[in-house]
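Please consult the sequence and the model while reading.

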Amino acid sequence: MSNSNPTTIESPWARRALIGVGFLFLVLFLFLPLVMVFAGALAKGWSVFLETLVDPDALAAIRLTLLVAAISVPINSVFGVAASWAIAKFDFRGKSLLISLIDLPFSVSPVVSGLIFVLLFGAQGWLGPWLTEHGVRIIFAVPGIVLATVFVTFPFVARELIPLMAEQGRDDEEAARSLGANGWQIFWHVTLPNIRWGLLYGVLLCNARAMGEFGAVSVVSGHIRGLTNTMPLHVEILYNEYDFVGAFAVASLLASLALVTLGVKTVLEWRFGIHRAGAAH
Amino acid sequence: MSIVVDNISRRFGGFTALDRVTLETKPGEFLALLGPSGSGKTTLLRTIAGLDFADEGHVLFDGQDMTGTPAAERRIGFVFQNYALFRHMTVADNIAFGLTVRARRDRPAKAEIAAKVAELLELIQLPQLGDRYPAQLSGGQRQRVALARALAIEPRLLLLDEPFGALDAQVRKDLRGWLRRIHDETGLTSIFVTHDQEEALEIADRIVVMRGGVIEQIGTPAEVQSAPATAFVSSFIGETNRLPVTRRDGGAIIGDGLATVPDEACGQGGGEIHIRPHDVELAEPGAADALPVTVLASRPIGRSRRITAELAGVAEPLTFDLPVAEEAAAGQSLSVRPVRYRIF
C-alpha cells in the first residue's frame, strides 16, 4: 500500500481506532442480537427447540409464510423486470410518475400500507359490502396477506434492476433488433442474461422481506392461529404469551433465512465479481 | 444497394435533430456522415437503420419505401461505437446470433452456421478466438467481431456509428484501412458516422457534412477540401484563417483596408474570407494584395515552416505555412499574400 494513496494517509493509530469503532458497533448492534436469538431458541435444549417448531400452529405459520412468499415474489419479479425494462429502455409519458410510484411502498409506513387494504376491502371498506355479498374474504384471510406483502415488496426487484439496465443502455437490444431478433428473442437471449445476477439479488431481497414483513401483514391478518398467522406474527404471539423459547425458536428460523440470503449474496459477489449491488459483470 | 433519404425531419421535444434532409447514395459507395456533435448525423444513420423513425419524410432502399419497416426486417448491418457485443456469449455465438434467431424455415443448418462463422472469423483475421468472450478481447478485436456479426446476416447495407470512436489512435488508424478493404471486398453500400474529419477524408468516397440537422455539403474528399460550399464546411474541414471582409465588385477589402484581394464573383456587402495556412506566399513589403503581419512564433515542421502571426486589428492570431527556408524571427514584419482563398 503506497502512502501517496489519499485514502490511507491517516496514521496507523487513527486507522486502527476507526476500524475498531466500526467493528465494535457491528458486534454490539448486529452480531450479539443475532447470537442472542439463537441462544434464546436453544436455551432449553434441542428437543424443546424442535418441539416448538413442529407445533401445529408453528407449522401452519411456516406454511403460510412460504405460500405468501411463493406467490408474491414471482409476481414482483415479473412486475419488476417489466417495469425496469420499460423505464430503462424506452421513453414514454408518465415515466417519472411510474418511478415515484415504484418507490411509494418504501416511503409509506407498512402499517399504513396494511390500513389501505383494510380501507379498500374490509367489512366497512369501499368494496367490503360487495365482497361480503359475493362471499369473498380478503381482509383477515390469506388474499389480504398476499396483497399486503406484494405491496410492501413491490420495489425490491425494480429498484435493483433500473440502475443496472439504465447503465447497460439500449445498444445490445438495438444490435439484436438490427440482426433480426423479435421482442421475445431479445428479452430471453440478450436482456435477461445481462441482468440475471442483479435480478437474482433483487429476488433474494424481495423474498427476505416477503417472509419477514410484519407491519402491513399484521394489520390485515387478524392473527387467527393456524389460519392467518405468518412467522413474524407467530413470533409476536408466542412472545406476548411469555413463551420465550418458542418465540426465539421461530425467530431463529427467520434469522437463518437472513443469513442464507446474506450467504448467497456473498457467494454471488465473490463468484461473479459483482462489486456494487446488482452491477452484474 | 442505393438508398434515398427524402426530406427527413426529426424533432426531439423542442430540439430539431434533422431538418428536411435529403440524400442519395450510389450502389457500393462508402459514405461518411461528418459533423460536430448535435449535427444530426447519428439520428440520420439510425433513421436509415430503422432504430429511429422520422416525423416526416421517407427512406427508400432500391426505390422501395422502407419508412415504416422495423429494423429487424430491413436486413442492415449496424455497428455501434461501443461494440454492443453480447457479453454472455462467445465470439462465435455473437457472430451466429443473427442466423440463430431466424424462424426455423429460414434458419440455416447448424453446420452451415458454423461454416459461416468460421469464414467470418477468417475475414476479420481472428480465426483462433471463436471460443473467447468479449471481455477477453481488446477494443479493436471487439469492433472487428461486431463487424463480423453484422456481416453474418448478409446485409444489404452496412451502417457504422462512430465505429472507431472508443479506440486509441494507433488501432483506429489500422482499422480504418482494414474497414475500407472489407468494404471493397464485400461491395456493400456503407455509411459511417464520424466527427473526425481525418477519418472521413481518408476512407470515404463521398462526405456528407452536417450541422444543426442540415446537410451543408455533399462531395468527395477533394471537393469538400478545395471547394467548401459554406463557411462552416471551410472552417470545419482542415485549418482555416478567417478574417472579416467588405465585399465590393471584383474584390474584397480585408479588415479596415489592410489588403484588397480580387474575386470576380464576390458580390457586395460584408463577409468573411477563409485562407488555408498553406495557401499563401511571401510578397514584397507594402504590396496592396498582401497582409502586413508581425511574426509571433516560427518553427519548422517537416518541409514547411509554421508561422504564427498577428494582424493589426484582428484578435485571433493567424497561422501560415511557408517553405522551411524562409527564416522568420519573432517580431519581424512580413507581407503575406493569399494565393487561394474563399469569400463567404
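This is a predicted model: local features need pLDDT of at least 70, side-chain atom pairs count only at pLDDT 80 or more; totals for chains, interfaces and linings use all residues.

Leu120(B) belongs to helix H3 of chain B. This residue counts as buried because 24 other C-beta atoms lie within 10 Å, and the cut-off for a buried residue is 20 or more. Leaving aside residues up to four places away in sequence, Leu120(B) touches Ile95(B), Ala148(B), Leu151(B) and Ala152(B). Between Leu120(B) and Leu147(B) there are 9.3 Å in space, C-alpha to C-alpha, although they stand 27 residues apart in sequence.

Helix H5 of chain B comprises 18 residues, 169-186; at 1.5 Å a residue it should span 26 Å, which agrees with the 26 Å between its end C-alpha atoms. The buried residues of H5(B) fall within an arc of 80 degrees when seen down the axis, so they line one face of the helix. The table sets out the two sides.

| Side of H5(B) | Residues |
|---|---|
| Buried | Leu175(B), Leu179(B), His183(B) |
| Exposed | Gln170(B), Asp174(B), Gly177(B), Arg181(B), Asp184(B), Glu185(B) |

The buried residues of H5(B) pack against strand S3 (30-34), H4, strand S8 (189-194) and helix H6 (197-203) of chain B. After H5(B) comes Gly187(B), with a positive phi near 70 degrees.

Methods. Residues are numbered from 1 along each chain as its sequence is written. Chains are lettered from A and ligands numbered from 1 in the order in which they are written. Helices (H or I, at least four residues) and strands (E, at least two) are DSSP runs, numbered from the N terminus. A residue is buried if 20 or more other C-beta atoms lie within 10 Å of its own, exposed if 12 or fewer, and partly exposed in between; C-beta atoms are placed from the backbone. Two residues are in contact if their C-beta atoms, placed from the backbone, lie within 7 Å. The expected span of a helix is 1.5 Å times one less than its number of residues. The arc is that of the directions from the helix axis to the C-beta atoms.
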